[in-house]
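Let me put the structure up, and then I'll talk you through a few parts of it.

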Amino acid sequence: MNEDRERAGSSEALLRVENIDVHYRGKGFRSRPFHALKDVSIEIHPGETLGLVGESGSGKTTLGRAILGLAPVGSGRVVFDGQEISTLSPRARRSLSADLQVVFQDPYSSLNPGMTIETILAEPLRAGGASRRDSSARIRELLDQVHLPADAARRYPREFSGGQRQRVAIARSLALDPKLIVCDEPVSALDLSTQARVLDLFIDIQQQTGVAYLFITHDLSVVRYISHRVAVMLNGSIIESGDSSTVTSEPDEAYTRKLLLASPVPHPARQAERRRHYESLSAHTAP
Ligand code: ADP
Ligand code: MG
């Protein structure tokens, strides 16, 4: 466990989400709009990982999508690198994509099965204006960075395991040296030992490049491992946030304690010990 990841510098925020609301249109006749995000604010500093945790349906993906311009922000603002981005035109959005990237949960659907890894990685590079030659050099570098062999370039996604595919997706997100990557449950589809290796890769990459992450997961043990700070989401609101070790070991909210009990721990004895610990906390704090 990496419970004391040092908090990244106290510089100006890279991302500020300020009091945003997202409503989804109701489906069907006379259905009401669904209030998916309620007055949500978060901040991410350069080089920092903010873990966003909450149970399924709490609005985590919606927050990631709102930042990426893929969910309708009704009120409030999203400021990235000094620029308000919640109101950008689709074209201005595209030019932002060098700095703001995403890695999704499912490495099986996020890579085009008809393209070689080389073509997949070349896409953002060519779109960013790289020559064919520069782009092949950069592809070699990217594969090396995610610990895939150079000959992976000639192969197709189906030739790789889930963990390897996620490495390709990570390499693609890194192609243009982003400042922030929204990672939406990027290890949730992987088995536990692969999860651990991919999490370590995210951490190594951050140390090498200084990229910041919004790291979305339903699993508190994942969030504890990777995050400097943690925000906990419930029913479209952030109900608790703070330093990773505080939120994941001495949370204020009963809901966060419930998440802690639900997150898997490999050793049954530790699990039992942890359960007693949180139950004793619960006994002393009103729910
Ligand atoms: P999480 O990622 O935490 O599981 P989501 O952000 O995906 O949660 O979803 C939050 C809520 O918004 C859920 O109740 C979901 O059903 C609803 N929702 C998500 N996307 C849409 C959409 N496009 N239209 C209507 N409702 C949606
Ligand atoms: Mg989700």
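Before I start, when I say contact I mean heavy atoms within 4.5 Å. This is a predicted model, so local features need pLDDT of at least 70 and side-chain atom pairs count only at pLDDT 80 or more, while totals for chains, interfaces and linings use all residues. Residues are numbered from 1 along each chain as its sequence is written, chains are lettered from A and ligands numbered from 1 in the order in which they are written, and side-chain values use heavy atoms, with hydrogens and water left out.

The overall picture, then. We have 10 helices and 10 strands in the chain; those are DSSP runs, H or I of at least four residues for helices, E of at least two for strands, numbered from the N terminus. Of the 287 residues, 47% count as buried, where buried is under 20% relative accessible area, exposed is over 50%, and partly exposed is in between, using a 1.4 Å probe and protein chains only. Among contacts with a separation of 6 or more, 69% come from residues 24 or more positions apart.

Now to helix α4, residues 132-145. What does α4 pack against with its buried residues? They pack against α3 (117-127), α5 (162-174) and α6 (192-209). The buried ones are Ser135, Arg138, Ile139, Leu142, Leu143 and Gln145. Looking down the α4 axis, they fall within an arc of 150°, so they line one face of the helix; that arc is taken from the directions from the helix axis to the C-beta atoms. On the face of α4 turned away from the buried side you find Arg133, Arg140 and Asp144, which are exposed. And just after α4, histidine 147 has a positive phi of about 60°.

On to ligand 1. Which helix gives the most to the shell around ligand 1? That's α1, residues 60-67, with 3 residues. As for the contacts, a polar side-chain atom of lysine 60 sits 2.8 Å from a ligand 1 oxygen, and the side chain of threonine 61 has an N or O atom 2.8 Å from a ligand oxygen too. Glycine 59 uses a backbone N or O atom, 3.0 Å from an oxygen of ligand 1.

Last one: proline 90 is in helix α2, residues 90-96, and is exposed, at 60% relative accessible area.

Definitions and conventions:
Polar contact = N/O pair within 3.5 Å; in protein donor to acceptor, adjacent residues only side chain to side chain.
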